[in-house]
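The following exercises concern a protein complex.

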Amino acid sequence: MELCREVRPAVRKKILLFILLGWVLLIIGDRVDELRVYQGAQIAMYTIALASIVLLTGYSGQVSLGNGAMMAVGGYAAALTLNNLQTPIWFAFLMAIIASAIFGAILGSAAARLSGPYLAGTTLALAVGLPAIANQFSFLGGEPGILFDVGFPPERFGEEFTQYKWFFWISSVIALVALYITSNILSSRFGRTWRAVRGNALAAELAGVNSSRMKILAFTISSALAGLAGAVFAMNISLVAPGAYSLALSFALVTGAVLAGISSLPGVGFGALILVAIPEIADAIAGSLGSADKLNNYLPGLIVSVLLILSVIYTPNGPGENLRKLLHKKHAK
Amino acid sequence: MIRKTGGRRTWFVAALLAAGSLFATSLPVQAETGVSSREIKLGITLPLTGAASPGYNKIGNALDAYFKYVNDNGGVYGRKIKLIQKNDEYSPQLSIAKTNELILKDKVFALVGPLGTANFTAVHKSVGIARRKVPALFLNTGFSGFANKKSYPTSFTILPSYAMEAKIVAQFIKENLSDKKLGLVYQNDEFGIDALGAFKDAGVKFDVSIPYTSGTQSAATAQTWVSQLAAGGAQVVVFFGVTSATAPLLAVSAAAKYAPQWILGSVGSDPLTLRALGVPVAVLNGALTPAGNPSPNDTSDEYIKQFQEINEKYNNADFDDYVLQGMNIGLMTVQALRAAGKSLTRAKLIRAMETKGSSFASVAYSPLGYSRTSNVGHTGYYMAVMDAKGDRKPYGGSVVLYTTDSGKGPVVKSNFKRPAMPAKGLPTN
């Protein structure tokens with residue numbers, strides 16, 4: 001009982017915080033121009049994808065480079081559900097979560113036997129190979145992909161309510177709910193056990209933890225989150241295509257997660273913001289150097305790589321961690 | 001006293017409101033997006049890099065070169081045209097991102113010559129081209145689905161559709177090759193299926209029919225196609241796919257000494273791309289292909305001659321079909337902008353395309369189909385035969401033009417004479 005009383009205000013505080021965040025997003029969405037609204041929807045999508053990496057790598061200690069492939073599973077599941085069964089949107093998103101969770105569980109069973117570079121290699125192969133499967137089966141639409149059309153915003157929102165604002169709303173709500181659930185999972189018994197397994201699997205086993213089962217569970221939940229992100233991504237661009245879930249996306253996500261602080265859930269918003277900002281920054285740099293088309297093509301990749309290297313050297317736990325340490329030092333003084 | 005002050009305040013507020021509203025109504029009408037008194041901003045998405053870029057990457061610069069030529073000669077009613085090219089690497093999701101940038105960030109007035117069937121399908125849906133009422137002129141794709149004016153009210157095609165192409169090829173086969181065994185290789189997406197339906201409607205039956213999925217073409221898959229075609233005894237093989245599939249098909253056939261009469265769709269018969277893919281252009285020798293434009297090497301043609309001059313001065317690229325296509329889109333765009341009048345708006349541009357578009361000068365031989373109910377550009381082809389350099393000559397020595405539609409309409413021989421090239425290549429319409 002004591003514990004309950006202690007926990008409840010914290011839970012209430014967290015819920016209030018998420019609702020407040022939702023309000024702020026809503027107001028921002030009304031104030032900025034349409035391009036920013038569109039980018040906002042992308043940020044929300046990346047937030048979910050990064051949360052899936054934080055859960056898998058940051059908490060359960062499994063390195064995966066195949067998040068783009070997980071997203072593809074979710075995206076295709078959602079699009080196939082919506083197009084073939086004419087279901088409501090929420091059901092398509094639900095199917096994305098279920099399909100990618102099942103896929104993650106299967107993959108996790110294999111992954112639980114692997115670790116370190118072997119796991120990274122396996123998931124990398126997945127990121128390369130899986131999207132290409134779309135080319136082999138005609139119902140997956142080949143290289144051009146298949147359209148994923150969630151429809152126009154409801155008429156009661158008025159004429160001024162654009163398609164992108166609709167995407168932004170849906171993406172933001174999904175991201176907030178997903179983050180809320182993820183943060184609860186991470187602070188639950190599972191989160192603690194994952195950290196125990198990550199820290200020392202043998203010690204955790206001795207304490208009675210079934211480490212491989214926990215790893216599979218982490219893979220399943222992480223994959224479900226990635227699949228959800230994949231479906232949100234598909235909604236934002238109205239399309240699922242193998243090219244959308246490229247290897248570059250998988251790498252960008254890992255970079256985003258490292259920048260966010262691989263084991264910090266609140267950091268994912270920052271990581272997502274950077275991922276969306278990189279093409280803009282590249283555009284600005286290329287623009288200032290004259291109209292260099294070729295430069296503009298390779299610059300985003302270059303920036304991602306440089307940021308990854310710099311953050312691994314200087315802020316291996318993310319800039320958020322450094323900030324926290326800095327604040328602690330000040331307090332200590 | 002109090003009442004007096006209150007009254008004064010009311011008067012003051014009323015006066016302020018009146019003055020404010022007067023000021024508001026006297027404000028100039030808001031200018032159209034992408035148009036100023038000095039400039040018209042246009043945008044194009046196309047593959048500047050990547051596997052599909054050879055050839056296509058020349059269209060943007062050719063278009064820009066033509067606009068620069070027009071700008072140096074006074075622009076369009078005094079406004080200079082500024083073209084913004086965005087590289088989409090031929091990937092639909094990049095097309096969406098780049099078109100978003102063009103419309104939301106660069107705020108272009110209209111899109112010209114966006115490239116690719118899957119790309120524009122995705123862009124139209126995702127970016128909401130129709131809902132935003134953004135004109136998309138002269139789509140560089142032959143997908144007949146875009147001919148649906150209700151679904152694509154602000155878009156206009158330029159190329160004859162794949163369905164028209166297939167119908168004309170079907171007619172040609174019936175007239176000239178009806179006693180031969182027929183084979184077909186086609187890409188099983190909108191592109192090839194468009195053609196397949198037209199062949200079926202025309203009553204042309206293939207003895208061997210091989211579909212392939214875009215992206216799977218390779219020497220190994222071409223090997224299986226060739227063995228199937230040879231086993232089926234196909235003497236005439238019609239190919240509806242991209243050049244990166246033509247290349248292994250022709251190379252493998254040549255190596256296997258399998259030499260049917262090739263009929264290559266207009267998309268898959270580009271000599272430049274073949275060369276870029278490392279296949280000798282000579283494999284094209286004797287292949288038949290439906291063509292819309294004169295050969296880019298035909299300097300006796302007034303359009304070609306003028307465009308070559310502009311290319312030399314403003315572009316300095318090898319003058320080929322892609323450069324020709326880019327320049328011709330430029331020529332038609334300028335006519336459309338002029339036809340929309342001096343106070344340019346998006347609505348007026350679309351109206352101009354509908355009411356005056358069919359009379360525009362264009363290098364292609366066939367009539368333009370633009371009207372209030374149709375957004376279809378060119379409507380016909382002539383059959384050409386290719387030589388060992390990949391250059392084409394009209395089959396039988398002179399151009400025999402066939403016209404048709406994308407539906408059930410008949411294929412007819414046409415005596416249409418295209419409008420003359422405007423003097424110095426500068427429209428005065």
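**Exercise 1. Determine how many residues of chain B are in contact with chain A, and which elements and classes they belong to.**

Step 1. Contact requires that the C-beta atoms of two residues, placed from the backbone, lie within 7 Å. On this basis, 21 residues of chain B are in contact with 20 residues of chain A.

Step 2. On the chain B side, the elements that give two or more residues are α3 (92-105) and α4 (117-128). Helices (H or I, at least four residues) and strands (E, at least two) are DSSP runs, numbered from the N terminus. The largest share, 6 residues, is contributed by α3(B).

Step 3. Ala, Val, Leu, Ile, Met, Phe, Trp, Tyr, Cys and Pro count as nonpolar, Asp, Glu, Lys and Arg as charged, and the others, Gly among them, as polar.

*Note on the model.* The model is predicted: local features need pLDDT of at least 70 and side-chain atom pairs 80 or more, while totals for chains, interfaces and linings use all residues. Residues are numbered from 1 along each chain as its sequence is written, and chains are lettered from A and ligands numbered from 1 in the order in which they are written.

**Exercise 2. Describe how α11 and α12 of chain B pack.**

Step 1. Helix α11(B) covers residues 321-339 and helix α12(B) residues 346-356; their axes are 8 Å apart, at an angle of about 105°. Axes are lines fitted to C-alpha atoms, for helices over the stretch in contact, and angles run from 0 to 180 degrees between N-to-C directions.

Step 2. Angles of 65 to 115 degrees count as roughly perpendicular, under 35 as roughly parallel, over 145 as roughly antiparallel and the rest as oblique. Therefore α11(B) is roughly perpendicular to α12(B).

Step 3. From α11(B), the contact involves Ala336(B), Leu337(B) and Ala339(B); from α12(B), it involves Leu349(B), Ala352(B), Met353(B) and Lys356(B). By class, the contact has 6 nonpolar, no polar and 1 charged residues.

**Exercise 3. State where confidence in chain B is lowest and where it is highest.**

Step 1. pLDDT is the predictor's confidence in each residue, from 0 to 100. Its mean for chain B is 87, and 93% of the residues reach 70 or more.

Step 2. Confidence is lowest in helix α1(B) (residues 2-26), at a mean of 49, and highest in strand β3(B) (residues 110-112), at 96.

Step 3. Over residues 1-6 of chain B, pLDDT stays under 50, and the model has 0 contacts beyond four places in sequence for them.
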